[in-house]
Amino acid sequence: MTTDDTLAARQSGANRWRRFDDWDNRPLRLDRFAVEDPENGFSAFKGACDPKPGLTIENGRISSMDGKPLAEFDMIDQFIATHHLDVAIAATAMDIPSQDIARMLVDIATPRETLAKLAHGLTPAKLAEVVAQLSAVELTFAFSKMRTRKSPGNQGHVTNAKDDPLQLAADAAIATALGFDEIETTMRVARNAWSNALACAVGAAVGRWGTLFQCASEEAEELQIGLAGFTSYAETVSVYGTERAFIDGDDTPWSKAFLASAYASRGIKMRCTSGAASELLMGFHEAKSLLYLEARCLCLQRAMGVQGTQNGGIDGAPLASSIPGGVRELMAENLVAVWLDLECATGNDARHSESEIRVGAKILPFLIAGSDLICSGMGTILKYDNSFNPSSFNGEELEDFLVLQRDFEADGGLTSIEDSSALSLRRRAVDALSAVLEELGLGTPSEAMKQSVVVASGSDETRSYTPREVAIISDRIKQQNITMIDVVKALARRGFREEAQNVLNMLRLRVSGDYLQTAAVVRDGRIISAVNQPNDYVGPGTGYRLSEQRQRELAAIRDVLTRDEVLRAEAVFAAAEAKRIIYRAVGPAGQGGAADEIVIGISPAFGTKLYQTLAGHPLSAVLAALCDGIRAGGGRPRVVRMVHTADTSFLGLSAARLAGSGIGIGIQAKGTAVIHQQDRLPHNNLELFSNAPVTGLEHYRALGENAAAYAKQEMPQPIMVPTGGMALGARFHARVALIYSIETGARGRST
Amino acid sequence: MTSSRRPYGVSDFPLAETHPTDVKTANGRPLADITLDAVEAGDFSLSDIRITPRTLLDQAEIARAAGRATLAANFERAAELVDIPQALMLEIYELLRPGRAAEKGVLLDAAKRLRADFGAQQTASFIEEAAAAYERRGLFKSRY
């Protein structure tokens, strides 16, 4: 179909506004939205069966909680009443009006510690009632105040579609270089857990040490992998807000609490996971709201004595976001988590929308508030390589995230990496892992395999291990009881002593137990946690502030424009232009007399310091096009260099007043051009070419013809230069401003 | 496992920096001994690089001082589990999952064994509490 046919097809049989067709074609329309339906669990804040907050205490024991008597407590109620609530303070705490507590959360005069202690006496329904009152901006602010650790951090996924260990090692090294405090892997094929674990652990030891690492797999297998020394923490220890969902998840609060203690007994850090809508997805929502059920989950986690939580929808984020206010609810639940004094890895994990705008909007409050781990996690790899399914941000969008840090001067935990170092890090990681595989009799990767992985952006581009080969490697690691100590020795034997030391440093973390405390991460070789670096925000100028160095790091993204660079680029064109045109001054410009004369007023630096338009057309060609056009229209061109102004309108008006016809063209070196007339006001021109980047030589020629037509007092068809909706300001204004300062700097000098 | 010193507080954290000589591995070697050279020489296997009950109790004191009593209780239970063999630990975890134990007695026996063989008082009470809760909520029914 031709363009005309398509247009005709769209316009025939029109029974609605055509804009809806445009909207239907956007990625947003791929998202499904659900109507609010409290009876069926589709409510962010107002479940049909949400209880009112309440607590009765008799003889020092809780006799009812949130309207339910003791005898009717399910296992979650019982665990919360027994292990979370502090009966010594609960009665007083519950009596404080929820609105008052809400105000305390956003009040810089109420310290975090006061609120954290208060939460020990608050029931799930009360916690939910309080945070539900906060607007999105209040939730953001409260969160920045209430997170546990002072400095923000980030977690990344390191996976690939082939479970290829060579690529995992390379990508783990990149993630470490980017500054992720934690990385997480999972597998396409469950049995590859051991090879994934080995590969990521080795890769994460390249360049620096301290990146914590988890391997998300079945609970018992994950524990075994941890015990073998490959991982440094566990996260996917899931809890649920209804008894039946929990049981379908094959656990109880006691079994999960035991698991938590089991990890601690081996010196391994862990956190639990819960997120809105898990109960809805599992079919046991009890007609309760997303937030109320999450408040139960979070009280449960504090009761279990875990140090932290992965929270904020998580796998339920897309479903939660389909409900009105669902994204606000995710913010609310994260606030409950940190209010309960838990480290929080704040979701921004499973991509909740196909709309890039929704994705960017959802992460922003956490970026500007700061979070212990802003993503749980970000895809460090391309979407198709993300074995968890795409995250909010993936390898494709990494630079967008880095720029958001720069835009808002907000620390999202990451730092740009340089072109040159990326390749060498990947090479080192792949070589280190290959050495380990060879030393332990697990495989002998070829140079071709390694090289394909080093340069690849994703697994589609690699020629590496087949899935079957990977499964064999993984099984061998498990069957031969290979441990991380074997890996340390293998690295050391093969000369990778720095990596060997880095791996050993991770193992040594288990002995002191320091990193078991709340919100612990390793920074510059030291443990930072909520214990030695608590969030002490009490208003502007306090809490986490960007150091000068960190500000510089956030600003240092790839490919930034400088004045020197613009001038250097121009100098390259100077030589070529010198072969095409010579500007010969013949004297001061006088008044023209001929009625067919059109003056072209060029800017001060036109052809002397600047040599091509923003669209890349040599100025010699532009001048030629203008002159040809004028002549074709029956006019006579005269070129005058203006030295008193670089402004397009004043160039054009000055030119017009010199011209015999009273018609002039003004043109800047960057290509912005105007047709003007002698008796018009400066900014009230005849025609304006304001979008130089999309203005072509054919447009300048047509401009010349139109000028000639105006000189003959005709009314030509004004020339339209289509922009196609490009954001030209974003693409060009930094360069424009730099160029224009060169133009204005060149005023007042004769050539 | 009592201590004759004052309880640790927030300023004692991190232990590896503030009390480096006190932090020891399971076989009594100080943390500082775990060097690359020592590992290469075969002085340390993975099972040597483990936390001790004493260190977990120290971390519990720090957690409590930081206002995190439930985290402290977790560390205290963990301290009791340090010397429990991996296989037994996994077995008890399994028993605590819904429908694994056929009736309350199975869990109570596990609790008794932990008390008797490992002195794990808090963990034993925890399991007894679970047993009562499971009975009340009918969780001893088989699920598959």
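A crossing of two helices is called left-handed if the near helix is turned anticlockwise from the far one by less than a right angle, and right-handed if clockwise. These views come from a predicted model, where local features need pLDDT of at least 70, side-chain atom pairs count only at pLDDT 80 or more, and totals for chains, interfaces and linings use all residues. Residues are numbered from 1 along each chain as its sequence is written, and chains are lettered from A and ligands numbered from 1 in the order in which they are written.

**View 1. Helices α8(A) and α18(A) meet in a right-handed crossing.** Helices (H or I, at least four residues) are DSSP runs, numbered from the N terminus. Here α8 (residues 136-146) and α18 (residues 356-369) of chain A pack at about 35°, with axes 8 Å apart; axes are lines fitted to C-alpha atoms over the stretch in contact, and angles run from 0 to 180 degrees between N-to-C directions. Phe143(A) of α8(A) and Ile368(A) of α18(A) are among the residues that make the contact (C-beta atoms, placed from the backbone, within 7 Å).

**View 2. Chain B meets chain A.** Look for 47 residues from chain B and 55 from chain A in this contact. On the chain B side, α4(B) gives the most, with 8 residues. That side divides into 33 nonpolar, 8 polar and 6 charged residues (Ala, Val, Leu, Ile, Met, Phe, Trp, Tyr, Cys and Pro count as nonpolar, Asp, Glu, Lys and Arg as charged, and the others, Gly among them, as polar).

**View 3. Chain B has domain 1 (1-83) and domain 2 (84-144).** The bounds come from an automatic or database domain assignment. Their C-alpha centres lie 27 Å apart.

Methods:
Helix = DSSP H or I, 4+ residues; strand = E, 2+ residues; numbered from the N terminus. Contact = placed C-beta atoms within 7 Å.
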